[in-house]
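Hi,

Here is the structure we talked about, with some notes to read alongside it. Have a look at it first, and then I'll walk you through what turned up.

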Amino acid sequence: MSDTKDKIVEMADHLVRTKGFNAFSYKDIADPMEIKNAAIHYHFPAKSDLGIGVIEAEIKKFRENVEKWRKLPEDRQLAKLVDVFHRYGTNGFICLMGSLATDFETFTDPMKAKVQEMGTDIVNWLSACLENGRAGGRFHFEGEAYDRALLLITNLQSSLILSRVLGPSVFNRVSNRILKDLKP
């Protein structure tokens, strides 16, 4: 990926997490980067192409993180995921999937499929992490791991949103409770 293309994706990611996908234009990227809209259109002919680029970059980062975390005990893997959310919240961002969900019905089918791929990757990994952690005695919870993964990811996402309104302590309280409630 070219330097300019990477910077466009990074700027778009920032805008999606702070404003929402439908709330920004190519001008919002072009002006601070001091480039013409045409430069963005060269790399991303349609806004949905840019959206897919942002999502693909996030999927790549997630998969790289999962690979790095693979050798850690499951409780540490989960703590690493919480740390990723914490970093986003500290920067005033919400998670990408949470931000995109509000505009989901307005997306092209390929962009919807990319959002679904991202969500499926995260929930499936989290479900496996939880199940393996329960089998190894690191976690205790009732019910299916997949259901618990859904509860965890939605709590992490919504705590970032609520933190914007009520302050960063909301995320800390929710994430600490999640980790404590899973202890055997």
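Which residues form a nonpolar patch on the surface? They are Leu162, Val165 and Leu166, and together they have about 310 Å² of accessible area. A patch here is built from residues with over 30% relative accessible area and no salt bridge, with nonpolar side chains (Val, Leu, Ile, Met, Phe, Trp, Tyr) joined within 5 Å and like charges joined within 9 Å. The areas come from the Shrake-Rupley method with a 1.4 Å probe, and for residues only the protein chains shown count as cover. Val165 sits in helix α8 and counts as exposed, at 66% relative accessibility. For that scale, exposed means over 50% relative accessible area, buried means under 20%, and partly exposed is in between (1.4 Å probe, protein chains only).

Before going on, please keep in mind that this is a predicted model: local features need pLDDT of at least 70, side-chain atom pairs count only at pLDDT 80 or more, and totals for chains, interfaces and linings use all residues. Residues are numbered from 1 along each chain as its sequence is written, and side-chain values use heavy atoms, with hydrogens and water left out.

**The core**

The largest nonpolar core has 55 residues. By nonpolar core I mean a set of buried Ala, Val, Leu, Ile, Met, Phe, Trp, Tyr and Cys residues joined through side-chain atoms within 4.5 Å. Ile29, Leu50, Leu81, Leu100, Leu126 and Leu130 have the most contacts inside it. Two or more residues each come from α1 (3–18), α2 (26–33), α4 (47–69), α5 (74–90), α6 (96–101), α7 (109–135), α8 (145–166) and α9 (169–181). Of these, α7 gives the most, with 9 residues. Helices (H or I, at least four residues) and strands (E, at least two) are DSSP runs, numbered from the N terminus.

Setting aside neighbours within four places in sequence, Leu100 is in contact (heavy atoms within 4.5 Å) with Val16, Phe21, Ile55, Phe107, Met111, Val115 and Met118.

**Cysteines**

Cys129 is buried at 3% relative accessibility, and Cys95 is buried at 7%.

**Salt bridges**

The structure holds 16 salt bridges, each defined as a side-chain nitrogen of Lys or Arg within 4 Å of a carboxyl oxygen of Asp or Glu. Three of them are worth a look:

- Asp3 pairs with Lys7, the closest N and O atoms being 3.9 Å apart. Both lie in helix α1, 4 residues apart, about one turn of the helix. Asp3 is exposed at 55%, whereas Lys7 is partly exposed at 47%.
- Asp75 pairs with Arg138, at 3.8 Å between the closest N and O atoms. This pair links distant parts of the chain, with Asp75 in helix α5 and Arg138 in the loop between α7 and α8, 63 residues apart.
- Lys114 and Glu117 meet at 3.0 Å, N to O. Both are in helix α7, 3 residues apart; Lys114 is buried at 17%, while Glu117 is partly exposed at 27%.

The last pair also belongs to a network of salt bridges that links Glu56, Arg63, Lys114, Glu117 and Asp121.

**A few single residues**

Beyond its sequence neighbours within four places, Glu74 is in contact with Cys129, Asn132, Gly133, Arg138 and Phe139.

Lys112, in helix α7, is buried too, with a relative accessible area of 17%. Not counting residues up to four places away, Lys112 touches Phe104, Glu105 and Phe107.

Glu34 is in the loop between α2 and α3 (37–43) and is exposed, at 72%. Its phi is near 55°, a positive value in a residue other than glycine.
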